[in-house]
Amino acid sequence: MLMPSIFGESLFDDFFDDFARPARSVARYSTPTMNVMRTDVKEDENGYELHIELPGYQKEDVKAQLKDGYLTINAESNQNKDQKDENGKFIRRERYYGTCSRSFYVGEDITEEDIKAKFENGILKVTVPKKEKAPAVEENKYIAIDG
């Protein structure tokens, strides 16, 4: 019987794994990088559309770079959750800093101007056009004959 899980693939697998590695479960459910940068790639006749999930990130946290035919998406998060009581004493302090990165080969004929990106609701939508390689033109090279 299939059972829905609110924690991942299987509720019971996660439950029993925690007995063997209790520290893992704390980090797994409290870090914002869980399930980050899941990417859907859709192809149509004009190009490719990437939908990259970046939950918890803001537009300012995300950078895209094109170098040597590779499109690299970087996301950086810096969170500080301080809670103080009415006297100003810390009850709890939690900090998190993390980065994630993902690269896609898009071809060396693609330029920065060709790629369009939009960030909304935690999803980065990137459009990369298809570019056909220009056919190599056979160049005739002649040798000069003195006479």
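I count two strands as paired if DSSP finds at least two bridges between them. The model is predicted, and I read every entry below with that in mind.

Strand pairing. I looked up E1 (residues 39-43) and E2 (residues 47-53) and found them paired in the antiparallel sense over five bridges. For Asp40, the bridge partner in E2 is His51.

Overall layout. I then went through the elements of the chain, which has two helices and seven strands. Starting at the N terminus, I noted the order as α-α-β-β-β-β-β-β-β.

Burial and surface. The chain has 147 residues, and I noted 22% of them as buried. Its accessible surface is about 12,000 Å², with 50% of that belonging to carbon and sulfur atoms.

Contacts along the sequence. I took contacts between residues at least 6 apart in sequence; 46% of these join residues at least 24 apart.

Core. Which residues have the most contacts inside the largest nonpolar core? I found Ile52, Leu54, Val62, Ile73 and Leu124, in a core of 19 residues. Two or more residues of this core come from each of E2, E3 (62-67), E4 (70-84), E5 (90-105) and E7 (123-129).

Definitions and conventions: Residues are numbered from 1 along each chain as its sequence is written. This is a predicted model: local features need pLDDT of at least 70, side-chain atom pairs count only at pLDDT 80 or more; totals for chains, interfaces and linings use all residues. Side-chain values use heavy atoms; hydrogens and water are left out. Helices (H or I, at least four residues) and strands (E, at least two) are DSSP runs, numbered from the N terminus. Buried means under 20% relative accessible area, exposed over 50%, partly exposed in between (1.4 Å probe, protein chains only). Contact means heavy atoms within 4.5 Å. Accessible areas come from the Shrake-Rupley method with a 1.4 Å probe; for residues, only the protein chains shown count as cover. A nonpolar core is a set of buried Ala, Val, Leu, Ile, Met, Phe, Trp, Tyr and Cys residues joined through side-chain atoms within 4.5 Å.
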